[in-house]
Amino acid sequence: MSELLGSVPAGTQMVLAFFLLMAIGVPVAFSLGLSALYAMWLIGFGFDLAGDLIAAGIAKYSLLAIPFFILAGSLMGSLGIAERMIRFFRVLIGSLPGGMGVVGTVVCLFWGAVSGSGPASVAAIGPMLIRAMEEDGYSRAFGAGLVATGAAFSIVIPPSIGLVIYGVIAETSISDLFIAAIVPGMFMGAMMLAVLPFAGRGKGRSALDRISPDPYAGMGYATRLWRSFVDSFWGLMTPVVILGGIYSGVFTPTEAALVATVYALAVGGIIYRTLNVGGLYESLADAASSSAVVMMVVAYASLFGWVVTVEDLVGTYSTALLGLSDQGWVILIVIMLILLIAGMFMDAVTVMFISLPIFMPVVHELGWSPVWFGVLLMVNLAIGLITPPVGINLYVAANVTKLSIEKVAKGALPFLLASLVGLIGVAAFPEMSLFLVRLLGE
């Protein structure tokens, strides 16, 4: 056995060790770190180098956006901004065919421009939306599936934590990535809406306002719409402030994360007056916990990436990938299948750190736009968030609704199929992602 392993390069042994550790239930971050340390031992490098590599891996200015975007999303959920947004969209489009299904889709996508994190979006807005959809005649499982899917595309809708990480790894403009993701994100939302007529919606109780006391009861539609708009105005302005500041050049995407946090504190503390010490502590604790999980993966992935570079796995695997076919579309299909399968077992951050060093040379060799590829990657990984066995959004939605993971997965199945069709559209039509970048770049 040792002779057999001795003939296998250290880098390949590291990859095999990583999947073995994952298979026996070791957390992703520790699987990355332990397998990388094992490879470093095989190569003959001292473990004292590991500390420097970890420090260098996380000491990147752009990565500061991650904890602050997570904190901003947590604050906006706890300060009542999400509830006010739901009220506005409920009044605006709740009477359309599909009712709260349409509202739920729109709110999930809109919240993506606030949170940038799929699981965080499910936790923040899921309870209110799922309850309202159930009251509007949808099954609880279907509502959970819709929210899990809509929140998954939070990593596509800018500002996206996933796009920030991709931009850092691929050395691609984060601002261009944010612009490029707007239309594909809306397109994926449209694919979700296409599912609603087939939802088998029951009679329901049509008591949409039972998710909270209706402050606009007895008013006409125009008055209700105006009052709800005024109440939710500062929350609705959040994406305008964040994205407008980035695209106008007032601040960078990293600085935008801090601006979003300060903006949330200002709205909650001064305008809505919902900020209190207990809520602030809870938001800080939630953000710290979520950020720590992401940054631990980033830190240990730096060790993993260093071994990949030293062992030239990038050159070996990318050459093998390019050798599969002379047709770029065949290689693209293979890459997409790899990403979809990887997303079934690993979180998006881990998939990016493992796969991008191999995929990016292929992207450049075939002349693909790294901006378009980044958006396509995010759509792939968003689908992974609702795909068992490690579809984390499904688990969060199951926890919120007290349903089994099997029932939530069944409720999400129609949206999963629609998302796969949408993925094909984003892959087949790169201009969907690139025309805004070219338009605003002129």
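With which residue does Glu 431 form a salt bridge, and how far apart are the closest N and O atoms? In this predicted model, the partner of Glu 431 is Arg 438, and the closest N and O atoms of the pair lie 2.2 Å apart. Glu 431 is partly exposed, with a relative accessible area of 42%, and Arg 438 likewise counts as partly exposed, at 44% relative accessibility. The count of salt bridges comes to 2. Glu 134 and Arg 140 also meet through their side chains in a salt bridge, with an N to O distance of 3.3 Å. Here Glu 134 has a relative accessible area of 31% and is partly exposed, while Arg 140, at 35% relative accessibility, falls into the partly exposed class. In general, side chains of opposite charge can pair when their charged atoms come close.

The packing of two helices was examined next. Helix H18, which spans residues 370–384, packs against helix H20, residues 405–428, at an angle of about 170 degrees, and the axes of the two helices are 10 Å apart. Because angles over 145 degrees count as roughly antiparallel, H18 is described as roughly antiparallel to H20. On the H18 side, the contact is made by Trp 372, Leu 376, Val 379, Asn 380 and Ile 383, which meet Leu 416, Ser 419, Leu 420, Leu 423, Val 426 and Ala 427 of H20. The residues of this contact divide into 9 nonpolar and 2 polar, with no charged residue among them.

The largest nonpolar core comprises 145 residues, of which Tyr 166, Ile 335, Phe 373 and Met 378 touch the most other members. Helix H17, residues 348–365, contributes the largest share of this core, with 12 residues. For Phe 373, when residues up to four places away in sequence are not counted, the residues touched are Tyr 166, Ile 335, Leu 356, Phe 359, Met 360, Val 363 and Trp 368.

Ser 283 counts as buried because its relative accessibility is 1%, the cut-off for burial being under 20%. With neighbours within four places in sequence left aside, Ser 283 is in contact with Leu 71, Ser 74, Leu 75 and Ser 78.

Methods:
Residues numbered from 1 in each chain as written. Predicted model: local features only at pLDDT ≥ 70, side-chain atom pairs only at ≥ 80, totals over all residues. Heavy atoms only, no water. Axes fitted to C-alpha atoms, helices over the stretch in contact; angles between N-to-C directions. Helix = DSSP H or I, 4+ residues; strand = E, 2+ residues; numbered from the N terminus. Parallel < 35°, antiparallel > 145°, perpendicular 65-115°, else oblique. Contact = heavy atoms within 4.5 Å. Nonpolar A, V, L, I, M, F, W, Y, C, P; charged D, E, K, R; others polar. Core = buried A, V, L, I, M, F, W, Y, C linked by side-chain atoms within 4.5 Å. Buried < 20%, exposed > 50% of the residue type's maximum accessible area, 1.4 Å probe, protein only. Salt bridge = Lys/Arg side-chain N within 4 Å of Asp/Glu carboxyl O.
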